Amino acid sequence: MMGMWSGSAGLRGTLAVLIAVIGGWEGAVWVFQPPIIILPPPSRIWVDFLEAPSYFLRHTWYTTSTTLAGFALSVVLGVGLAVLIVNSRLLERIIYTVLVALNSLPKVALAPLFVIWMGTGIEPKIAIAVMLAIFSIVVDTVLGLRSVDPDAIALARVNHASPLKILIKIRFPNALPSLFVGMKIAISFALVGAIVGEFVAGSAGLGFVILTAQGQFDTSRVFVALVLLGVLGTLLFYIVEAVERLVLPWHVSQRAVAGHGGH
Amino acid sequence: MVACVEIRAAGKIYGSARGPVTALADVSMDVAEGEFVSLLGPSGCGKSTLLKCISGLEAPSGGEIRVRGERLSGPPKGLGMVFQRDVLLDWRTILQNVLITAEFQGRPTAATIDRARSLLERFGLGDFQNRHPWELSGGMRQRAAICRALLCEPEILLMDEPFGALDAMTRDDLNVELTRIWQAARRTVIFVTHSIAEAVYLSDRVAMMSTGPGRIVEIIPIDLPRPRPLSIRETPEFARHVTHIRGLFAALGIVKE
Ligand SMILES: Nc1ncnc2c1ncn2[C@@H]1O[C@H](COP(=O)(O)OP(=O)(O)O)[C@@H](O)[C@H]1O
Ligand SMILES: [Mg+2]
């Protein structure tokens, strides 16, 4: 009850803010009449989108697939690295050092290198998305794998559970809530990575659309791409959250939402 | 009587950031097959440490521990454990939580699942087997933890202050249930507590422990008849045991009179 009420109220609030912003923007452009190259009105942006919806959606789809591929790869690699890290002090030191060093480099500066190595296809974009997204996956998964009740491990060992069983039956489920925290951050970073990749080299994707439109001083098209990017990022985030709700109905943070709280 | 657990001059020194800590020094004791023994003492006297050594989770730094004649090098077979916190896994239902002891060792058979169900039934949790731990009260959760420990029919049950976090009434309930199941299938039980009355009510013998360093100072046989109803706690014999033990702790300066 509580969750649904606050949910629809939240949705209504968001819509109200959105309508206010768009209305204010439209009004301001109408009053102050800035050059269209500086700030087009929302109505113009909408019309521009309707002129070539398949063009925009095709490029949105390209960016989406790059982002999803980068995200999926980050989850698989990140969880793998996290398992290695919690199982060996030596690996922990090596992997962590490399990750921290890589993470402290500005990824935009690395992007050209990836293009040299992998060409101008989708691969370097996915690689950059992974570079950006993997850090939060590793860090949060390590935290989750580590924060296991020592008594639960004692229980497993008394029952002669193998390390693999302990990983599968205790450590991994215990790490899932934390992994989802990491994934919610990673999905946004993967999208940033995809755009960075498209900026550096490419002939497809919303990043490419923005660059092309900028070259033609078509500000309105830049805005179409930005709005699509915003919608895409928001959707991806909420999809991860919806999956979280499906996978973790047992977790404290989900109980009220999942309707188990009514006791 | 056959000794099930033999503890010979066992000691335990933990290495810590502030140097070595002697948690246990020169502990010797035998626990007979089917006996109910309590380890009783103030906190920090090494009760948990001794239990961990018996379970094979920690190796003693000196001396030796034998279980059924075999010197320990890791957890022996046929051990059940119950902790102060129930350690139920939130993502599993109560039934799945009970089954995990079997899953650790392989895949639970249909017979094991039936046994888990009947254990839960016996502990009054029949209607809750498909609920999740957070939907149960503290007492019910600890009952589920006991079912989990009993699932694989352990010959030795180690319990570390299992009722320490429960309210007095729930605790009484579980004390009665524990004596009942112990009476039905005489397993060896080593039970840690810091309640004198609980130790006297449950045990065949009470091992009194003291700090500085952790050791066993006295082993008191409790010759109260069985089965023991809760009302036995109001009898003069029961009071005599409690007074005797409290007096010994007072003489050690552990409790004030
Ligand atoms: N892993 C450990 N490392 C260092 N010191 C420990 C460790 N476990 C217990 N100790 C110390 O050993 C002593 C006995 O602890 P414990 O066996 O937990 O006592 P009890 O269960 O009787 O309260 C305490 O002084 C405690 O601080
Ligand atoms: Mg203790």
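This is a predicted model: local features need pLDDT of at least 70, side-chain atom pairs count only at pLDDT 80 or more; totals for chains, interfaces and linings use all residues.

Colleague: How many helices and strands does chain A have?

Modeller: Chain A has 11 helices and zero strands. Its C-alpha atoms fill a box of roughly 75 × 55 × 30 Å along the principal axes.

Colleague: And what share of the residues in chain A is buried?

Modeller: Buried residues make up 42% of the 263 in chain A. As for contacts in chain A between residues at least 6 apart in sequence, 72% of them join residues at least 24 apart.

Colleague: Let's zoom in on H9 of chain A. Which of its residues are buried?

Modeller: In helix H9 (residues 206-215) of chain A, they're A:Leu206, A:Gly207, A:Val209, A:Ile210 and A:Ala213. Looking down the axis of H9(A), those buried residues fall within an arc of 160 degrees, so they line one face of the helix.

Colleague: What do they pack against?

Modeller: The buried residues of H9(A) pack against helices H3 (53-87), H8 (163-200) and H10 (219-247) of chain A. Just after H9(A) there's also A:Phe217, with a positive phi of about 55 degrees.

Colleague: Switching topic: how much space lies in the largest pocket?

Modeller: About 620 Å³. It's lined by 18 residues, and the closest to its centre are A:Leu18, A:Ile22, A:Val227, A:Leu228 and A:Val231. In chain A, helix H1 (2-32), helix H2 (42-51) and H10 each supply at least two residues of that lining.

Colleague: How does the lining divide into nonpolar, polar and charged?

Modeller: The lining of the largest pocket has 15 nonpolar residues, three polar and no charged.

Colleague: OK, chain B now. What's the strand order in the open sheet of four strands?

Modeller: The order is E2-E1-E4-E5 in chain B, with antiparallel pairing. Strands E2 (19-32) and E5 (70-71) of chain B stand at the edges with a single partner strand each, so one side of each has no neighbour in the sheet.

Colleague: How many bridges join E1 to E2 there?

Modeller: 10 bridges join strand E1 (residues 3-16) of chain B to E2(B), and the two run antiparallel. To pick one out, B:Ile13 has B:Thr22 in E2(B) as its bridge partner.

Colleague: Last one: is B:Thr188 buried or exposed?

Modeller: B:Thr188 is buried, since its relative accessible area is 1%, and the cut-off for buried is under 20%. B:Thr188 sits in strand E8 (residues 188-193) of chain B. Leaving aside neighbours within four places in sequence, its contacts include B:Cys4, B:Val31, B:Glu155 and B:Leu157.

Note on methods. Residues are numbered from 1 along each chain as its sequence is written. Chains are lettered from A and ligands numbered from 1 in the order in which they are written. Side-chain values use heavy atoms; hydrogens and water are left out. Buried means under 20% relative accessible area, exposed over 50%, partly exposed in between (1.4 Å probe, protein chains only). Contact means heavy atoms within 4.5 Å. The arc is that of the directions from the helix axis to the C-beta atoms. On a 1 Å grid over the protein atoms alone, a cavity is a set of points where a 1.4 Å probe fits but cannot get out, and a pocket is an open set with protein on both sides within 12 Å along at least five of seven lines; lining residues have an atom within 4 Å of a point. Grid points are joined across faces, edges and corners, and a volume is the space filled by probe spheres set on the points. Ala, Val, Leu, Ile, Met, Phe, Trp, Tyr, Cys and Pro count as nonpolar, Asp, Glu, Lys and Arg as charged, and the others, Gly among them, as polar. Two strands pair if DSSP finds at least two bridges between them.
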